[in-house]
Amino acid sequence: MDVPPIQITQAPPLNAGAAPFLAKAPPFWLPMRHFVAAAFSFWLFAAALVWGNSRLLGFSFDARWALGLTHLLTLGWVTMTIMGALIQLMVVVHGVPFAAPGRLAWAWALLTAGTAGFVGGLWAGWDRYWIAAALVFAGVLIYLQVFVESLIQGGKLDWTGRHVAVALAYLSLVILLGLLLAYDRERGILFHDPRGVLIAHIHLALVGWVSLMIVGASYRLVAMFSLSHIESKAPGLVALVLANVGLLGLALDSLLGSRRLLSAWACVLAAAYAAYAFQMNGIFRGRLRRIDPALAYTLLALLGGAVWAALGLGLAFGLVKDGAPQEIAYVLAALLGWATPFILGQIHKIVPFLVWLHVFSPKNWRPPLQIPRTQDLASEKAAWWEMGFLAAAAYSLIGGFLLESPALIRLGSWSLLVCATLYAGNTALTLSFLKRPWTPSKPRP
Amino acid sequence: MDPVKTPTLTALKSVIDPEVGLDVVTIGLVYAVEITPDSITVSMTLTTPNCPMGPSILAMAKGAVEGISGERRVEIRAVWDPPWNPAMLSREGRLALGAA
């Protein structure tokens with residue numbers, strides 16, 4: 001074949017606005033408003049913990065102050081972040097445009113207003129805080145409707161999609177029970193055993209909604225970000241089956257009022273976690289990338305999940321003192337030991353990615369002009385410090401409540417506030433690239 | 001040395017996967033480069049299907065190859081079979097990622 005030689009010349013610019021994925025991606029501020037609201041909730045939670053930490057040991061798990069704190073973390077931080085991430089993740093998983101992004105903006109407004117009213121109502125002593133809970137309920141219903149529509153539109157569910165679908169089903173039970181509990185606390189006419197309903201509500205939320213969502217996302221995202229792959233899904237399948245059996249057993253046992261088999265369900269749930277950890281071990285062993293803050297956060301989350309499972313077994317078998325502080329330690333192990341590190345790890349990838357996608361991908365690069373990598377849009381050093389403070393916070397708080405030590409709780413509260421402040425600062429740094437140009441700090445090799 | 005293929009691969013090496021931080025050739029995303037007097041066709045994949053950065057990476061690859069293609073038409077084909085797997089990463093890439 002006669003092929004004339006060619007010369008390397010400057011590449012022509014791409015067509016203006018050439019960023020094909022943006023055609024089906026949700027608008028930038030749709031997921032981002034969730035992340036900003038969540039970062040604020042996380043910071044407010046940490047600040048409230050610092051402000052009130054001297055009183056925490058004196059309150060029962062049912063106290064309004066503690067209930068407000070818990071829901072600021074579960075609704076304002078964890079659920080808010082998951083909703084934002086899910087908006088982005090579903091497009092990636094299914095590759096189809098999102099159904100009805102306009103409705104999701106309404107869902108966000110209801111969730112935000114409902115959470116603010118619910119937590120504020122609990123803290124301010126407003127008796128009708130269940131009205132704010134109804135706003136949360138309405139907002140979540142809209143999310144559920146749009147997510148289910150998108151799942152159906154996407155066709156056959158992959159492994160992550162199945163976890164998402166199951167988690168969404170549990171979320172609907174969580175908010176239903178939560179709304180009924182909020183109403184019943186003031187009227188006392190619905191449940192003869194509110195504590196059993198509370199145990200079911202907490203576990204449906206922490207295991208069914210939060211954990212199954214994390215597990216499903218981790219199979220996809222951790223494998224993708226670590227450049228690993230999954231050889232066999234058998235351990236994950238075992239984990240999914242055991243988690244559902246254990247959770248449904250525990251919830252029914254608690255709702256029906258007997259709570260005689262809690263130790264058995266705790267064993268099943270711990271076994272589910274062990275199977276999941278085995279699956280994740282395979283992903284980490286096959287990884288090709290060094291441990292960056294996002295992967296280190298995931299490892300911290302895996303440790304936190306193991307501590308949470310161990311505490312669950314300890315409480316179920318009477319090896320851990322059965323008191324309100326110890327129950328709070330158990331819930332904190334789930335929220336700060338397990339869920340928060342995983343969330344922070346993924347958000348450190350997702351937020352720079354969103355800025356890259358919406359700000360830099362439409363630009364007309366002319367190779368070899370450098371474009372930023374996603375890691376250039378945030379501070380890795382700040383992320384490492386943030387993770388160190390989160391680890392200190394989570395284990396000081398868990399230990400502080402287990403041992404009923406005010407000094408440890410104080411240390412944990414301040415560490416968490418530093419972590420949340422660093423996280424807010426790093427998020428602001430990434431968002432600053434919406435306005436300011438990026439310039440390479442040094443030439444790449 | 002192929003007078004066209006080598007510059008094509010050199011051009012593609014200027015296309016960085018923004019998440020991985022390496023170029024698409026080093027990652028092993030470029031499966032084939034076909035050259036005729038009228039066209040240059042690059043068959044390449046992405047590390048994961050439906051990667052949100054994927055269309056941008058493909059567009060960047062097209063722009064890069066158009067920079068050296070002269071009068072030739074440039075086509076970038078997204079290929080999903082065989083799917084990319086970590087074994088396709090070059091030794092240079094493994095070293096850069098700290099996995100070798």
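This report walks through helix packing, helix lengths and some backbone details in a predicted model.

## How to read the model

Residues are numbered from 1 along each chain as its sequence is written, while chains are lettered from A and ligands numbered from 1 in the order in which they are written. Because the model is predicted, local features need pLDDT of at least 70 and side-chain atom pairs count only at pLDDT 80 or more, whereas totals for chains, interfaces and linings use all residues.

Let's start with helix α4 (residues 129–153) and helix α5 (residues 159–187) of chain A, whose axes come within 10 Å and cross at roughly 165°. Helices here are DSSP runs of H or I with at least four residues, strands are runs of E with at least two, and both are numbered from the N terminus. Axes are lines fitted to C-alpha atoms, for helices over the stretch in contact, with angles running from 0 to 180 degrees between N-to-C directions. α4(A) and α5(A) are therefore roughly antiparallel (under 35 degrees counts as roughly parallel, over 145 as roughly antiparallel, 65 to 115 as roughly perpendicular and the rest as oblique). The crossing of α4(A) past α5(A) is left-handed, a term used if the near helix is turned anticlockwise from the far one by less than a right angle, with clockwise giving right-handed. Among the α4(A) residues in this contact are A:W130, A:F137 and A:F147, and the α5(A) side includes A:L168, A:I175 and A:Y183; contact means that C-beta atoms, placed from the backbone, lie within 7 Å. By class, the contact of α4(A) with α5(A) has 18 nonpolar, three polar and one charged residues. Here Ala, Val, Leu, Ile, Met, Phe, Trp, Tyr, Cys and Pro count as nonpolar, Asp, Glu, Lys and Arg as charged, and the others, Gly among them, as polar.

Helix α1 (residues 29–56) and helix α12 (residues 406–431) of chain A have axes that come within 9 Å and cross at roughly 160°. That angle makes α1(A) roughly antiparallel to α12(A), and α1(A) passes α12(A) in a left-handed crossing. Contact residues include A:F35, A:F42 and A:W43 of α1(A), together with A:W414, A:L417 and A:Y423 of α12(A). This contact of α1(A) with α12(A) comprises 17 nonpolar, five polar and one charged residues.

## Helix lengths and positive phi in chain A

Helix α3 (residues 101–124) of chain A has 24 residues, and its end C-alpha atoms are 34 Å apart, in agreement with the 34 Å it should span at 1.5 Å a residue. The expected span is 1.5 Å times one less than the number of residues. Just after α3(A), A:G125 takes a positive phi of about 80°.

Helix α11 (residues 380–403) of chain A also has 24 residues and reaches 34 Å from its first C-alpha to its last, close to the expected 34 Å. A:E404 follows α11(A) with a positive phi near 55°. Most residues other than glycine have a negative phi. A:L227 has a positive phi too, near 55°, and sits in the loop between α6 (194–225) and α7 (234–255) of chain A.

## Chain B

Chain B has four helices and three strands, arranged along the sequence as α-α-β-β-α-β-α. Its radius of gyration is 13 Å, close to the 13 Å that the globule rule gives for 100 residues, so chain B is as compact as a globular protein of that length. That radius is taken over C-alpha atoms, and the rule is 2.2 Å times the number of residues to the power 0.38. Along the principal axes, the C-alpha atoms of chain B fill a box of roughly 40 × 30 × 20 Å.

Helix α1 (residues 5–12) and helix α3 (residues 54–66) of chain B pack at about 135°, with axes 8 Å apart. The two helices, α1(B) and α3(B), are therefore oblique to each other, and their crossing is right-handed. Most peptide bonds are trans. The one from B:D81 to B:P82 is cis, with omega near 5°, and B:P82 lies in the loop between β3 (73–78) and α4 (91–97) of chain B.

Methods
Contact = placed C-beta atoms within 7 Å.
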